[in-house]
Amino acid sequence: MRSFLPLLLLMACLQASAQQPFTLDSAWAAARRHYPLLKQQEVTDQVTALQLRNIRTNYLPQVELNGKATYQSDVVTIPIKLPNVDIPTLPKDQYNVTLDVKQAIYDGGATSSQRELQLAQQQAEKQKVEVEMHKLRQQVMQVFFNALIWNEHIAARKQMMDEVKQRMERLQAGVDNGTVLASQVDILKAELLKAQQQLDEATTGKATALNILSLLTGKDIREMENLRLPQPAGNPDQNLQRPELGLYSLQTDVLRRQSKLTGTKALPKVSAFAQGGYGRPGLNMLDNRFDFYYIGGLRLQWTLWNWRQTRTERDILRVQEQSLQSQSETFTLQTRSQLLQQSGEISSLASAMEKDKEIVALRTKVKDVSAAQLDNGVLTVHDYLSDLFAETQALITQKTREIQWVYATINYQVIKGY
């Protein structure tokens, strides 16, 4: 008995989790956590941290070890001969090993501009992920509402099958008593089989939607059996918060940072340097012995003319910025157009929903009369099934339109960037 206790507890937990309603917000949150691309933001942060560490080294002394061994065909000689004076001749083979230390004092703001550019690129890369996450949000919402619509198809078909079975039982009693033709029951059986086919189709459609939803969210299908229809969204304004607009803004900022960094190429740069070496000859060119030496000082670098390369690069970046601005304006125009279309669809669905209620009520009333007439033998099975099918179709249309209306109100917010 004890061995079965953990299994029973597990089954109870699974049953309890299956009974919990699964909301659209839960699906969105699960899909975001489960989506592999979200890890790209962590990778971007790690890469940026490493690149910033490299940039910070620009403020630190740079040390280089250099070596050189040369042989030259001729050397400098002094064409003078003095009595009792031995003028040394430089060797044609020369050797030098130096240790060079350089410390930047002023780099025209290049290092700080590199840091700002790297941070701007980091934000832009992370925003690209948010754009993809918004696409995922739309995909999850579509699959979620498809599953809800299939749910209504299943409920309507089951209700129709219950009606047909109830009529079959009553007509079968008439067949047994010889007052009703057996063909009338056969017609209902055929319609029941047809309804079963439609039910199987709806069940398969829902299962497919739940499988896709499970793939996107990483949730078990049993946790999503009890889908809850969300509340319709309000506040139909046109304030856009789309991640694409944020990406355009961040990409524009990257171009401006690049332009600022490019501008530092034309600024003067000052650094201190020190060099210690050992070789032959040393600083004294007339000494043929190996010797140690050192030299230190300040160095100024200033590119006064580079054939307008800096200006051309900044002009290119300016044109790219204008292109991004055009893309942003085009995207805004298209998005506002989508909002207007979605707003019209919301109004159209709301108007049709009012008529759906009346249609369903009337179809149900007609079907109930047909059912009573069929039970009394004054109406054919074909006429009854026609009214039953019309009621079922009207009910499916009503429920589907209600779900579509909720979807339209939420999709309006998603189009805005909610």
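Mentor: A residue counts as buried when its relative accessible area is under 20%. Keep that cut-off in mind. This is a predicted model.

Trainee: What percentage of the 418 residues of the protein chain count as buried?

Mentor: The share is 33%.

Trainee: Which elements make up the chain, and how many helices and strands are there?

Mentor: The protein chain has eight helices and four strands. Read from the N terminus, their order is α-α-α-β-β-α-α-α-β-β-α-α.

Trainee: How do I describe two packed helices?

Mentor: Use the angle between their axes and the distance between the axes. Take helix H5, residues 182-217, and helix H8, residues 381-416. They pack at an angle of about 25 degrees, and their axes are 10 Å apart. Angles under 35 degrees count as roughly parallel, so H5 is roughly parallel to H8.

Trainee: What is the hand of the crossing where H5 passes H8?

Mentor: The crossing is right-handed.

Trainee: Which residues make the contact?

Mentor: H5 supplies Gln184, Ile187, Leu188 and Glu191. H8 supplies Val381, His382, Tyr384 and Leu385. By class, this contact has five nonpolar residues, two polar and one charged.

Trainee: What share of contacts between residues at least 6 apart in sequence join residues at least 24 apart?

Mentor: In the protein chain, that share is 84%.

How values were computed. Residues numbered from 1 in each chain as written. Predicted model: local features only at pLDDT ≥ 70, side-chain atom pairs only at ≥ 80, totals over all residues. Heavy atoms only, no water. Axes fitted to C-alpha atoms, helices over the stretch in contact; angles between N-to-C directions. Helix = DSSP H or I, 4+ residues; strand = E, 2+ residues; numbered from the N terminus. Parallel < 35°, antiparallel > 145°, perpendicular 65-115°, else oblique. Left-handed = near helix turned anticlockwise from the far one by under 90°. Contact = heavy atoms within 4.5 Å. Nonpolar A, V, L, I, M, F, W, Y, C, P; charged D, E, K, R; others polar. Buried < 20%, exposed > 50% of the residue type's maximum accessible area, 1.4 Å probe, protein only.
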